[in-house]
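Let us take a walk through a structure together, going from single side-chain pairs to the contacts between chains. Please keep the model open beside the text as you read.

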There are 2 protein chains.
Amino acid sequence: MNEIIMKLIEENRYKDVRNEITEMNIVDIAHLLMELDKKRLLILFRILPKEIAAGVFSYISLELQQYIIESITDREINNIVSELFLDDAVDFLEEMPSNVVKKVLRNTDEETRKLINQFLNYPDYSAGSVMTIEFVDLKKQMTVKEALNHIRATGIDKETINTCYVIDKGRKLEGVLSIRKLILADEDTIIDNIMDVDVIYANTLDDQETIASLFKKYDLTALPVVDNENRLVGIVTIDDIIDIIDQENTEDLHKMAAMEPLEEDYLKTSAFVLAKHRIVWLLILMISATFTGNIIKRYEELLQSMVVLAAFIPMIMDTGGNAGSQSSTLIIRGMALGEIRTSDVLKVFFKELKVSLIAGITLALVNFARLVFFERIDIAISAMVCSSLLLTVILAKMVGSILPIAAKKIRLDPAIMAGPLITTIVDAVALSIYFGIASKFLNI
Amino acid sequence: MNEIIMKLIEENRYKDVRNEITEMNIVDIAHLLMELDKKRLLILFRILPKEIAAGVFSYISLELQQYIIESITDREINNIVSELFLDDAVDFLEEMPSNVVKKVLRNTDEETRKLINQFLNYPDYSAGSVMTIEFVDLKKQMTVKEALNHIRATGIDKETINTCYVIDKGRKLEGVLSIRKLILADEDTIIDNIMDVDVIYANTLDDQETIASLFKKYDLTALPVVDNENRLVGIVTIDDIIDIIDQENTEDLHKMAAMEPLEEDYLKTSAFVLAKHRIVWLLILMISATFTGNIIKRYEELLQSMVVLAAFIPMIMDTGGNAGSQSSTLIIRGMALGEIRTSDVLKVFFKELKVSLIAGITLALVNFARLVFFERIDIAISAMVCSSLLLTVILAKMVGSILPIAAKKIRLDPAIMAGPLITTIVDAVALSIYFGIASKFLNI
């Protein structure tokens, strides 16, 4: 498909291109446009039918959106913005430099301009900032037939008609109704009798994470959003929720690797910004690790008389860090999915204790066999190393599982209690155990 | 709400309970039931209207689903299973012990039984295993009016009517049509003229991850699934996709913390299974870390004459590990979201090189100042430690960013090239650098 169109473009047969392209999915058209050079991109964009152009525009990269807006006429801008869903228009304007925003706002009617400004004022990551206002509203006195006629008259501009919202004169939300119920009902039925009054809804200021969990819990495809006076002001649709879930997961993952979360794609972020997001944690953890170094220093004499002890440091530190990271990852993810609550702390404690005993003893035994039979290390030293290893694994799993829960309890983000921080804490504990045991054991 | 109902239950006023409860969302009813003791749960479940009971059943925990099936009569089982959507029935049966499966299958009609068996045979995590068969199918010769009548006659049992599928006599998929288009169209319009022929679809054997990315790319709410002869056999709906996205993210996260992914919730998994999922990687990484230990052993004489060198081991190892984990996490996540491709390897390489220079030099300078001014360490040793640190950060970021891409290139899962493995590799490199520089630098 793409190849045929590319060929037509090469040959400047734009009329044929237009015919081919209007059959395509708007996402695919957007991807096709992004492969062209800027001149051709612009020509092709301009020949798109008006109703398709806006859809395609919302799937194009920010950089090219800006280029298009800067290149087209005021009237063309008006055409696009009036066809865009409000949430897409706002998403795009949020990322544009002020000259582009001005150019766009200058070319929209007053009502839309007011709405856009209102939306730009909602806090980031709130329901208000992700909702759209293109929903179907019905009155409860309507019959099914009247409702369907109302939808036929207004539905073309709505983001979805699959769920309809019933509001009173003051725009207060009274019920919801799926298009399925509407179609399956007799046409004289009064909406009041078939609408669902147990409505799941959100407030404009609710956090997007809260909203995502409502979608998951109730298997919703759209969620009404009300203001503080309970007036219906917008809806959030599920396609935005999927983006939010990805975004929240990425954020957690970045935090778990000791970084401030990025706001843009990796490849679009400059090396300087990337470095800035990583340095703070690297510094904190580096300084913390020097305290671990001080533990070694305290046992300098012991080490002097038995340098071989140093050779086991990496194995004990790494195993402790890995064992702790495993536990903290499981707990952090479990809490993010709502499977583990802070009240489960005792259950988690005993479970991890058991797991650490099973894992720790296995590791210690394998290591003991390896040290004695393969490396021909003295049995006493081997036993000392392996009992340190066992204790380290147990403590690592305790620290790794309990700290994320404790963080949540005091309203910190559990995601920071992940691998890197746990490893640093466990390292200090592990080396204290190791040298503590060694100095007792070897009587030095 | 719940408190009123709980009180009515306490007072055994089940008729009033029934009235109250039928107003509620089925998810909330399920949560309410799960808070009751088993006797009351069963009483309440049995008084639910038939059409609500099946919905509620699909949101109850597996343990209680099993309890209910084991406790109710054959006729009641038949009622529930015939009302359940096929995908929910299959999800539930997949987790049940064979006696429960037998009891259920004995009580379903032959056609459903056949279908269930067919679904149970699709590979895990394939489109076939997550799809459902309750979709609306239309013929392209129909008028809009005929289509709407067809939907009215059959829609009640469909999982969604929001997207309708147009098939030919041989059940081959010919087009899709949203309910919106259908409602907005004139009633004499022929389906053929308004259906979308550029259909996005999947094959029964496609992996669920592939399907999730189609939903994301095209903002779909449902996706048709065809067999090898292009016949439409089912649809996947977006509520299942959200579960799949969560599941895939959890899986990646577990792998990135060096564990085999769990199949059940953490709290529902036994300590033995948890340990089994962690031990293999802990063993592999422990053995690998002993090689790092061997590097130290090789420099035993150097350490003997200057034990203070050991005190910097944790700081260098940990900083290297953290720097590497940051890079690998960013790259693994970027690839999972489709933002970074294997062909971007050079871009990534130079970006990480720059980042590592900025971060590494900052860390080295801070550390140098600290060592010289606070810890009063000899300038030569401080310089040696800090140049090892800088080199370690650079190498860690190179290894951390390139290995996940290399893994993907050779079709390994990039998620295993995360923190734990990267740390182990970087540790060995870091200590080689450190002792290598130290022995040259200090001329020992």
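Start with A:Arg171 and A:Asp137, whose side chains meet in a salt bridge with N and O 3.5 Å apart; the term stands for a side-chain nitrogen of Lys or Arg within 4 Å of a carboxyl oxygen of Asp or Glu. A:Arg171 sits in the loop between β2 (163-167) and β3 (173-178) of chain A, and A:Asp137 in strand β1 (residues 136-138) of chain A, so the pair ties together parts that are 34 residues apart in sequence. Helices (H or I, at least four residues) and strands (E, at least two) are DSSP runs, numbered from the N terminus. A:Arg171 is partly exposed at 37% relative accessibility, whereas A:Asp137 is buried at 19%. Here buried means under 20% relative accessible area and exposed over 50%, with partly exposed in between (1.4 Å probe, protein chains only).

A word on what you are looking at: this is a predicted model, in which local features need pLDDT of at least 70 and side-chain atom pairs count only at pLDDT 80 or more, while totals for chains, interfaces and linings use all residues. Residues are numbered from 1 along each chain as its sequence is written, chains are lettered from A and ligands numbered from 1 in the order in which they are written, and side-chain values use heavy atoms, with hydrogens and water left out.

Side chains of opposite charge can pair when their charged atoms come close. Over all chains, the count of salt bridges comes to 38. One of them joins B:Arg333 to A:Asp246, at 3.8 Å from N to O. This pair crosses between chains, running from helix α19 (residues 313-336) of chain B to helix α16 (residues 238-256) of chain A. Both ends are covered: B:Arg333 is buried at 5% relative accessibility, and A:Asp246 is buried at 10%. Within chain B, B:Lys347 pairs with B:Asp344, their closest N and O atoms being 3.5 Å apart. Here B:Lys347 is exposed, with a relative accessible area of 54%, while B:Asp344 is buried at 8%. Back in chain A, salt bridges also link A:Lys7, A:Glu11, A:Arg13 and A:Asp16 in a network.

Now to the rings. Two rings of Phe, Tyr or Trp (its six-membered ring) pair if their centres lie within 6.5 Å; planes under 30 degrees apart count as stacked, over 60 as edge-to-face and the rest as tilted. There are 14 such aromatic pairs over all chains. In one of them, the ring centres of A:Phe57 and A:Phe92 are 5.0 Å apart and the planes stand at 85 degrees, so the pair is edge-to-face. A:Phe57 belongs to helix α5 (residues 50-57) of chain A and A:Phe92 to helix α8 (residues 86-95) of chain A, so the pair ties together parts that are 35 residues apart in sequence. A:Phe57 is buried at 1% relative accessibility, and A:Phe92 is buried at 4%. Another edge-to-face pair is A:Phe119 with A:Tyr122, because their centres are 5.6 Å apart and their planes at 85 degrees; both residues are buried. With A:Phe45, the rings of A:Phe57 and A:Phe92 form one aromatic cluster.

What do the buried residues of α8(A) pack against? They pack against α5, α6 (62-71), α9 (98-106), α10 (110-120), α11 (127-130) and α16 of chain A, where contact means heavy atoms within 4.5 Å. Among these buried residues are A:Leu86, A:Val90, A:Phe92 and A:Leu93.

In soluble globular proteins, nonpolar side chains tend to be buried together. A nonpolar core is a set of buried Ala, Val, Leu, Ile, Met, Phe, Trp, Tyr and Cys residues joined through side-chain atoms within 4.5 Å. The largest one here has 127 residues, and A:Leu33, A:Ile241, B:Leu33 and B:Ile241 touch the most other members. Leaving aside residues up to four places away in sequence, A:Leu33 touches A:Leu41, A:Leu44, A:Phe45, A:Leu48, A:Val56 and A:Ile60.

Finally, look at where the chains meet. In chain B, 115 residues are in contact with 115 residues of chain A. The two chains bury about 10,300 Å² between them, 67% of it on carbon and sulfur atoms; buried area is the accessible area (1.4 Å probe) that two parts lose on being put together, summed over both. Ten salt bridges are found across this interface. B:Lys297 and A:Glu375 also meet in a salt bridge, at 3.3 Å from N to O.
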